[in-house]
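Subject: Structure handover

Hello,

Please find the structure below. My notes on it follow.

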Amino acid sequence: MLKRRFERLNALADINSASKYLEIGVSSGGTFIRVKVPQKIAVDPCFKDDVHKKYANENSIFYEITSDSFFSTLAPQHGEFDLIYLDGLHTFEQTFRDFCNSLRYSHSRTIWLIDDTCPISWFASLPNFRLFRILRKLLKIKDPSWMGDVYKVIFAIHDFFPQFSYATFPGHGQTVLWLETRKDFIPTWDSLEKISRLSYWDFEKFKDTHLLIRDPETILDQIKNSLS
């Protein structure tokens with residue numbers, strides 16, 4: 001159930017009756033074009049397969065710029081988003097900055113989905129994509145999956161954004177966030193520097209306690225109860 005990205009996003013959109021959607025990191029648009037929200041904004045510095053030429057219209061707007069540029073120049077004219085999907089550069093720093101920037105364009109019922117929060121291996125968790133590609137070629141690894149160190153974003157949200165509740169879909173790591181204060185909050189690292197230095201082995205150590213992996217039905221019910 002809800003194994004594909006767009007299925008999860010559409011299920012989340014149904015919960016808060018989303019009318020405006022933002023996707024950071026669109027690539028060829030496989031997810032974007034399948035999200036059923038009336039007004040959609042796509043942001044990517046380099047669209048693939050001419051997706052921005054094939055699907056752009058008054059309800060699906062494509063911006064071929066970096067997310068930093070989008071938030072600093074164009075986001076203000078679009079106002080608040082109901083559903084935000086972060087799937088840009090797979091590094092802690094960039095994804096965390098995208099999340100922080102997106103807060104300005106959210107409201108009390110906005111739902112976020114952050115992709116690539118559960119790396120499948122040490123190799124897939126390397127934050128340097130160039131190094132990842134070099135090692136993949138040298139080691140003749142066929143699986144192209146690269147998540148980078150996005151998992152650190154969830155650890156940072158855990159420690160520094162207690163006003164948000166979150167849970168992670170099983171399988172391909174995607175973490176959903178919504179505005180609901182977590183009870184009995186206690187920070188684990190209490191330092192962004194410490195979080196930035198965490199390794200894949202730290203991820204393995206803390207994923208069960210801090211990623212909050214739940215089945216899709218449980219996650220959706222939790223959000224429904226919170227936003228009702």
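In these notes, contact means heavy atoms within 4.5 Å. Helices (H or I, at least four residues) and strands (E, at least two) are DSSP runs, numbered from the N terminus. Buried means under 20% relative accessible area, exposed over 50%, and partly exposed in between, with a 1.4 Å probe and protein chains only.

This is a predicted model, in which local features need pLDDT of at least 70 and side-chain atom pairs count only at pLDDT 80 or more, while totals for chains, interfaces and linings use all residues. Residues are numbered from 1 along each chain as its sequence is written, and side-chain values use heavy atoms, with hydrogens and water left out.

Overall fold

The chain has nine helices and seven strands. Its radius of gyration (over C-alpha atoms) is 17 Å, close to the 17 Å from the globule rule (2.2 Å times the number of residues to the power 0.38) for 228 residues, so the chain is as compact as a globular protein of that length. The C-alpha atoms fill a box of roughly 45 × 45 × 35 Å along the principal axes. Buried residues account for 50% of the 228. Of the contacts between residues at least 6 apart in sequence, 63% join residues at least 24 apart.

Helix 1

Helix 1 (residues 5-15) is mostly covered, with eight of its eleven residues buried. These are Phe6, Arg8, Leu9, Asn10, Ala11, Leu12, Ala13 and Ile15. Their cover includes strand 1 (20-24), strand 4, strand 5 (111-115), strand 6 (164-169), strand 7 (174-179) and helix 9 (216-227). Just after helix 1, Ser17 has a positive phi of about 50 degrees.

Two loop residues

His78 sits in the loop between helix 3 (67-74) and strand 4 (83-86). His78 counts as buried because its relative accessibility is 13%. Leaving aside residues up to four places away in sequence, His78 touches Lys20, Ile41, Ile61, Tyr63 and Phe70.

Phe185 is in the loop between strand 7 and helix 7 (192-196). With a relative accessible area of 30%, Phe185 is partly exposed. Again not counting residues up to four places away in sequence, Phe185 touches His158, Asp159 and Pro162. The C-alpha atoms of Phe185 and Gln163, 22 residues apart along the chain, are separated by 9.5 Å.

Regards
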